[in-house]
Amino acid sequence: MPLRLSHLFLRTLRDNPADAEVASHQLLVRAGYIRRAAPGVYTWLPLGLTVLRKIEEIVREEMHRIGAQEVHFPALLPKEPYEATGRWDDYGDGIFRLKDRKEADYLLAPTHEEVFTLLVKDLYSSYKDLPLSIYQIQTKYRDEARPRAGLLRGREFIMKDSYSFALTEEDQRAAYDAHREAYLRIFDRLGLPVVPVNAVSGAMGGSASEEFLFPCDIGEDTFVESDGGFRANVEAVTTPTPEPIDHTNLPAAQVHQTPGTDTIATLVDAANTHQPRDDREWTAADTLKNVVVAAVLPDGSRRIVVLGVPGDRDVDLKRAEATIGGLMGVGGEVALEAANEADLKKNPGLVRGYIGPGLSLDAPVLGAQGSTEITYLVDPRVVAGSSWITGANEADQHVFGLVAGRDFGWDGIIEAVVVQEGDPAPDGSGPLRTRRGIEMGHIFHLGTRYAEALGLQVLDVNGKLATVTMGSYGFGVTRALAAVAEATHDEKGLIWPAAIAPADVHLVATGKGDEVYAAAESLITQLEDAGLSVIYDDRPKVSPGVKFGDAELLGVPMLVTVGRGLKNGTIELKDRRSGESHEVAVDEAAAAVLEHVKGLQNLKGAR
C-alpha cells in the first residue's frame, strides 16, 4: 500500500528548529523523520524508522555474509560484569547508573563486551566451537555532557556491535579482516565515502585499532593523511623521534633575569634582545613550554600533570587523553582539563609563566625524582642532549641552555601537541595533511583483556585450558543515517540514496479534476505491481507549491507528478539529485519510472 500523505503521521516544518546547528539535524526534524524528546534523545517517526530499518538490513546482510550470527542483549544490565573488568569505575560519569527496589546497581549499557564474553563462556567450552562471530543491533546509552548535532552525538543511539572469539592469532586476524571488508561494503552500499584510519583503543583496551571516518567539515575527529597513503586519527599519530644529541661540549645552564616574560612570545623577544646569539635568532622552537593540566581520574579525583612541549607547539588535550591513563598507571578513561586556581594553590612551586623542570638532575622540580605529587611528561622531540630555554621556577627568571638528560629528566613521553600541516608522516610517506571527519565505525583487536577478567577459557586440542582472544567491531547505525543526510542534501532538502530512501517513488497529484487522482491511483497500482514502494501526496486542499516543497524536503530520489500535463497525455518524471525532468506518455509512465529507479539502484552506493 502507498504511504498516503493525507493519512501519514507526518508534519513538515518550514523553519529550522532552534537547537539544530548542522544540516542533517535541521533537515531530519523539518522533514518529519525524528523529533526531540530530550537533550540527545529522539523519537523516530514513520519515515525515519523506515530509513533506519533499511540501514539495519544492509548491516545484517553484510554481517551474515561473513558468517556472523545475530543475538540480542538487554540494555539494562547488572553492575557485576562491568565491575569485574574495571569499567564500572573506568566510565566515570559517562554512563547512566540506577538502582532497583532492592538497591542493586544497574547501568544502561554503553557497550556490551562483558555480556557477550559471559554468554560465550556460558555456552562454549571447546576449541571445536571456535572461531565464532556474533553480533547485535541494539540501543546504547552514554551520558554525554554536551549532546550536539542531533543524531551524530546523542545520549541514546543504535549501534551494531559484533565480537569475534578465537584461539589463534591467525583466526582472530581473519575475523578482523572479514569485518573490515564488511564495513567497506556497508559504506559503499550507503554511498558514504568513508576512509579507514589508524586509531587508538582508548577505554576498550586491546592492540590494533582502526576507525572509519566520513570526511566532513562538521566532524569532531581530526585525522591526517599523506600522499604516500598513511592515514590515522591524530590521536594515533606518532612523532618520528630525533636522534639523541651529543651534549659533551655544551656549556652549563645559566639563569637570567627575564622580567615580564610569562608568554612564549615575550620570552623570545627578551632572549633576542638581551641574550642574542651569533648563528641565528632565538625562536619559539628553542623554548620548552611547561603546561599544567589536571588529570581527572575515573573516581573523580584530580592529579596534576605538567606537559613539557616545544614552545612553538600548542597542546592537544584530546590527543594526550588517548594515552595518558597508561602512562600514569591508571585504568579507564582519564579526562584532561586546564589546571584551575585551586590546583595551582596546592602546588605553590609552580610559578605561572616561569615553570621549569629544575636546574639539575640532583635537585629536580619535575620529573622522575622531583615532586611525587606531579607527573612530568614530555614531547618526543625533547630528546637527550637537546638544549632549551625554560622557566627557572622563580618569577621573572628563565634558564638558558638547560639540557635534556643532563640537567633534567621526566616520567614519560607523551604525544600531546597539535599535529600540524606539513609534519612528517611516521612511516616516511611524506608530509601530513589534516582533515575533519565523523566516526562511523571502530574495529579493535581486544586480545584477552575481557576473557581474562571474566574467565573465558576453553579446552584446546591438547585438552588444556586456553584463554580465548577477542575482537570488537562497532558500527553507528543512527549515526550512519545522520551522516548520509549530511552528505546528500541540497538547499531544498534531503536526497536519500535509493538503497535507504523511505520509498522508491514520491508521486504528487496536482489539480482539481477527478481524472488526475484516478490516473495517479492507476499508476500507483502499476508501480506497486512492479515491486516499487510509493509515497503518494494525495492531499486534496494543499497547493502544488507546498506539495513540491515537501517532496523535495523528504528526499525520495524519484519524483513523479500527475497534473496539468495529463490533458496532453503526459506525466512528469524528475530525478531529485540531478534536478533533470522530462515528460512521458501516460501509458509508458510505469515502465519509464521502473527503468529509472532500477538505474538509481544500480549506481555505486545504490544512489
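**Close-up views of a predicted model**

**View 1. Crossing of helices α2 and α6.** The axes of helix α2 (residues 46-65) and helix α6 (residues 169-190) come within 9 Å and cross at roughly 150°; axes are lines fitted to C-alpha atoms over the stretch in contact, with angles from 0 to 180 degrees between N-to-C directions. Helix α2 is therefore roughly antiparallel to α6 (an angle over 145 degrees). Contacts, meaning heavy atoms within 4.5 Å, join residues including I55, I58 and V59 of α2 to residues of α6, among them H179, A182 and Y183. The residues of this contact comprise 8 nonpolar, 1 polar and 5 charged (nonpolar: Ala, Val, Leu, Ile, Met, Phe, Trp, Tyr, Cys and Pro; charged: Asp, Glu, Lys and Arg; polar: the others, Gly among them). Helices (H or I, at least four residues) and strands (E, at least two) are DSSP runs, numbered from the N terminus.

The model is predicted: local features need pLDDT of at least 70, side-chain atom pairs count only at pLDDT 80 or more, and totals for chains, interfaces and linings use all residues. Residues are numbered from 1 along each chain as its sequence is written, and side-chain values use heavy atoms, leaving out hydrogens and water.

**View 2. Helix α11 (residues 477-487).** In this helix, 10 of the 11 residues are buried (under 20% relative accessible area, with a 1.4 Å probe and protein chains only; exposed is over 50%, partly exposed in between). Among the buried residues are R479 and E486.

View 3. The peptide bond from L130 to P131 is cis, with omega near 5°. A149, in the loop between β8 and β9 (156-166), is not a glycine, yet has a positive phi of about 60°. D396 also is not a glycine and has a positive phi, about 65°.

Technical notes:
Angles under 35 degrees count as roughly parallel, over 145 as roughly antiparallel, 65 to 115 as roughly perpendicular and the rest as oblique.
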